[in-house]
Amino acid sequence: MESLDFHDGNIHNLVQSRCLDVRPDVNRSLQIHSSLIRRLSLEKELEGHQGCVNAIAWNSKGSLLISGSDDARINIWNYSSRNLVHSVETGHSANIFCTKFVPETSDELVVSGAGDAEVRLFNLSRLNGRGVDDNAIAPSALYQCHTRRVKKLAVEVGNPNVVWSASEDGTLRQHDFREGSTCPPAGSSHQECRNVLLDLRCGAKRSLADPPRHTLALKSCDISATRPHLLLVGGSDAFARLYDRRMLPPPSSSQGKIAPPPCVNYFCPMHLSDRGHSSLHLTHVTFSPDGEEVLLSYSGEHVYLMDVNQGSGSAMQYTTEDASQLMSFTPLLNEVETTSNVSPNVLSGKGNAPAVLDECRKLIQRAQRYLDEGKNYFYGIEACNEVLDRYGHHIGTKMKHDCLCIRGALFLKRKWKNDVHMAIRDFYSARRVDSSSFKAHYLMSEALSQLGKHEEALEFACACQHLAPSSSEITERVESIRKDIAAGEVEKNGKANDRTPRSEPRGGRVLSLSDILYRTEANSDNSQDGPRSEREDSDYDGEVELDFETSMSGDEEHDAEPNILHGSLNLRIHRRSDAAREGGRANGSYGSPSSSNNEKTQYQPGVAIDMKQRYVGHCNVGTDIKQASFLGQKGEYIASGSDDGRWFIWEKRTGRFIKMLQGDEAVVNCVQCHPYDCVVATSGIDNTIKIWSPTAAVPSTVAGGAAGPEAADFLDAMESNQRRLCRNREAILGFEILERFRMHDFTEGNLHPFECAQS
């Protein structure tokens, strides 16, 4: 395949410019460079944990690395020697999910959060003079006020007194070490902790238009390094939320629920904003080093980049009406017969050079060739990305229109997860460039048909007929869509007539796997007097009917999904005891927010900020702590772990894939770049931490580690990940449930689906 140049130029020229240019950004550019990334290889495995390593973080100087594990230990590693310095027995009774150095404490204070819902603070100076094995110290502070797993901690640069913890109980708490070093367990009669900064137990949304009603089980949080008053959170729905801490009320107790405070911004890709999928949620959110962008990683989806600052009227901001308009035919674009407003292929501004124009033509021709040949869709999309992302502000409108249509058509052919939505964006943009484009309307009709939106597809097909009345191709397409609509009506009527009521199991209705995995305590948050929704029954006896897949030896030639055994499993979920329910109510776990009974006004949907770039190729399904990170002080590259044991690196601006590395036997969850050097630490299901540095003799796109050989073709790995993403998530999680029964002895009625070694 023809290779494309990288945008960061030649590293030799950068080194030379450092002698002549004293600007600090030259050194930052040298930290993470494409030529260095392509030489990354495994340098060292840090051994010292006895379980999955769920959290890693560097100190501010980059001299120490901290890690937290399923073995309930915090390990401190020396960067220079790559040796273990301390191994702290934390006393946590469950997996450690997050750990941090507390800033401005000479790296003596560290904090951890775990699956036992506790936050613990330790003073490492108490270990001075001890050996590595003499590691038992009492916590300097112990906070037990969360009711569910603590998934993420955040600290503020320059602030040694406060740490923030995000929990699946729907609260983000602010722990000030100056106010107290301990608090009683949640549910205690004397529980008086007033440290709830964000109460989002009624904050989750099914869609942008949906009012917040359910518990937002928080999975991640971050504080901007450049503007520390900005707080970013993400959890069990599709929307990341940006808050200004200066505008939030003082921390309160959790005794009574309150309506969620208004946020500064919602962040969500437009095509995910109205899906309403209970399983779609965020696993990681983070600010860019300069605080101007945010990165979101979704479970069962991709990684997305978004801008923080969006003024009113920005193209990146959208409402629910904008989301629906994207797929709706707008007569205003085509009511008046106009000539094409497409200008010739003339470059504007500084890019007006024949060589650049010729390069763009070659890239578009290459993409068109791949489309015509029906292969190499990935490379064709990258060629179009190069034209649109690198020269999009300079190329003429005709070239831009053609490139958008070709890239959209390639998306439709490739059919990776949500490629069709990316195609719709391209066709919409092409129509804005040329309102009378037959190609853009025709391809939009094809894309909508792929989504099953046949009525909308018919509108665009009819518009094509208006643009090209003599085309037999579009006439056939219109008839085909009308047949699809008629067949859909027949099928719908048949299902309505044949539907018979299903017998109720003993003790209640049958629950789906999503009901169990993603039902939060907010499902019983509605008013006691009001009706419950179909997913809001959480305190009664019921059976769980679970379809599952598990690996078996089979005939690959006769099964599209080889080595898969299909089956079912019945589980029994028991009603909570009256005492437990009363205790939950006393602690604020049940009941409505105080304002909900009086709230009669109709909910006014807000606006959200759309994606500016998407990063694809990895798989994020198996764990809910998978990170996506910026690499380098300038954050010009993006990295993410994956369920296939690899981790991936992309160029931030273009979304272009650069490197894939084998980092784990099973799953890579954590990826953290050194603050100053071109060194990356990764961890996952293995008991070790991998240290990666640019020590390979030759640059490459793939690299193996101790966990496995080099991949013969990175596209094979990416396509395998896409197939897994596109498969039914409930089928995948069925096997995970069975694994949990293999690994743990659950007490009757005590099912905690995500509490396993992997997550």
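## An edge strand and its sheet

Strand β1 runs antiparallel to strand β32 (residues 689–693), and five bridges join the two. Strands here are DSSP E runs of at least two residues, helices are H or I runs of at least four, and both are numbered from the N terminus; two strands pair if DSSP finds at least two bridges between them. Across from Lys 44 sits Ile 691 in β32.

This is a predicted model, in which local features need pLDDT of at least 70 and side-chain atom pairs count only at pLDDT 80 or more, while totals for chains, interfaces and linings use all residues. Residues are numbered from 1 along each chain as its sequence is written, and side-chain values use heavy atoms, with hydrogens and water left out.

Zooming out, the order β1-β32-β31-β30 gives an open sheet of four strands with antiparallel pairing. The edges are β1 (41–46) and β30 (668–673); each has a single partner strand, so one side of each is left without a neighbour in the sheet. On average, neighbouring strands of this sheet are turned by 25 degrees against each other, direction ignored.

## The chain as a whole

The chain has 15 helices and 33 strands. Of its 759 residues, 55% are buried, meaning under 20% relative accessible area with a 1.4 Å probe and protein chains only (exposed is over 50%, partly exposed in between). Among contacts with a separation of 6 or more, 63% come from residues 24 or more positions apart, where contact means heavy atoms within 4.5 Å.

## Strand β3 and its two partners

Why is strand β3 (residues 64–69) largely enclosed by the rest of the structure? Because six of its six residues are buried. Leu 64, Ile 66 and Gly 68 point one way, while Leu 65, Ser 67 and Ser 69 point the other. In a regular strand, side chains alternate between the two faces of the sheet.

On one hand there's β2 (residues 53–58), antiparallel to β3 over five bridges, with Ile 56 opposite Ser 67. The β2–β3 hairpin has five residues between the strands, and Gly 62 takes a positive phi near 80 degrees there. On the other there's β4 (residues 73–78), also antiparallel to β3 and joined to it by five bridges; here Ser 67 has Asn 75 as its bridge partner. With three residues between the strands, the β3–β4 hairpin has Ala 72 at a positive phi near 65 degrees.

Six of the six residues of β28 (residues 646–651) are buried, so to speak mostly covered. Arg 646, Phe 648 and Trp 650 point one way, and Trp 647, Ile 649 and Glu 651 the other.

Strand β27 (residues 637–641) is antiparallel to β28, with five bridges, and Ser 640 partners Phe 648. Their hairpin has four residues between the strands, and Gly 645 in the turn has a positive phi of about 85 degrees. β29 (residues 657–662) also runs antiparallel to β28 over five bridges, and Phe 657 is the bridge partner of Trp 650. Gly 655 has a positive phi near 75 degrees in the β28–β29 hairpin, which has five residues between its strands.

## A helix pair

Helices α7 (residues 397–414) and α9 (residues 438–450) pack at about 20 degrees, axes 10 Å apart. That makes α7 roughly parallel to α9, a label for angles under 35 degrees. Residues meeting at this contact include His 401, Cys 405 and Ile 406 in α7 and Lys 439, Ala 440 and Leu 443 in α9.

Conventions:
Axes are lines fitted to C-alpha atoms, for helices over the stretch in contact, and angles run from 0 to 180 degrees between N-to-C directions. Angles under 35 degrees count as roughly parallel, over 145 as roughly antiparallel, 65 to 115 as roughly perpendicular and the rest as oblique.
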